[in-house]
Amino acid sequence: MIIDLPATTTTAVAKKLIKLRQEGGAVALGRVLTLVIVTDTSSTTEAIDAANVASREHPCRIIVLATGSTEKGVDAEIRIGGDAGASEVIILTAPAEALVHADTLVMPLLLPDAPIVAWWPREAPANPGADVIGAMAHRRITDSYRSADPRASIRRLAEAYRPGDTDLAWTRTTIWRGLLASTLDQPPFEPVLRATVAGQDDHSSLDLLAAWLGEELDCEVDVVRTPGAQAVTSVTLTRASGDITLARPSGKVAILSQPQQPDHRIALPVRQLHECIAEELRRLDEDEMYGEVLTQGLRRVAS
């Protein structure tokens, strides 16, 4: 069900939600958090679709603040039932000048006594923790890869990092990090002398994965950037006994090659947006590893 409320107020939207619950129980209770998505109208559909899929694992109230042109005041849309997954979606479209005080728009719609997560699907503020929405949130999710300049964006985030920040470019490396860590947990237990990360030239996941390797293995890391590649394509760890290579040329299946062992094929598709959001909503505490990699390990990666 989709309900349009043109030229309205957030107080009126909150009253409408209560009325819907009282009349038909259409809006279920039991939400575990409030997810506030700050975007523009061109990215709204993609972000809502991803959040709806993630809400099946994390039932929540989704509030979308979309920058757009409206004739008068704030236009609202409420989605419940089949149009909202396991969540309830409230879309507020307002001119950019109205979103300067976005916290006043959001407050009447927040779930009581529930954590707040802020997500910027495209361009994020230079300092998410100082943003009016970011300051309210327990977790702040950015996506440097989808910004206009991914590599510059991740370095700005490093300068402004606060506990509670995370970036989906980091989340996209989770499986890579797990596979590489499990490989190094097997004999021979030799130090890694050098690491090489290869992939898409402007993908910020390369920088974060390289920073993690350099920080954890205390070794030099090279980044090979290839225009037209698909995300991370390979990681090579050089040891005295030979190279360990995890390569994903097709974007779907990776091949793990190690000295004196047969190659192993591993399903490793490029992660979808809803998978990354669902992973980040599983934790509301500080991601200490991300903070360490962002503020310290990133210095090892050539600018």
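A crossing is right-handed if the near helix is turned clockwise from the far one by less than a right angle, and left-handed if anticlockwise. Residues in this predicted model are numbered from 1 along each chain. Local features need pLDDT of at least 70, side-chain atom pairs count only at pLDDT 80 or more, and hydrogens and water are left out of side-chain values.

**Exercise 1.** Describe how helix α6 (residues 174-184) crosses α7.

*Solution.* Start with the axes, which are lines fitted to C-alpha atoms over the stretch in contact. They come within 11 Å and cross at roughly 30°. That makes α6 roughly parallel to α7 (angles under 35 degrees). Next, the hand: α6 passes α7 in a right-handed crossing. Finally, find the contact (heavy atoms within 4.5 Å): α6 gives W176, R177, L180 and L184, while α7 gives L209, W212, L213 and L217.

**Exercise 2.** Classify the packing of α2 (residues 44-55) and α8 (residues 273-281).

*Solution.* The angle is about 55°, with the axes 8 Å apart. α2 and α8 are therefore oblique to each other, and their crossing is right-handed. On the α2 side, the contact is made by E46, A50, V53 and A54.

Conventions. Axes are lines fitted to C-alpha atoms, for helices over the stretch in contact, and angles run from 0 to 180 degrees between N-to-C directions. Helices (H or I, at least four residues) and strands (E, at least two) are DSSP runs, numbered from the N terminus. Angles under 35 degrees count as roughly parallel, over 145 as roughly antiparallel, 65 to 115 as roughly perpendicular and the rest as oblique.
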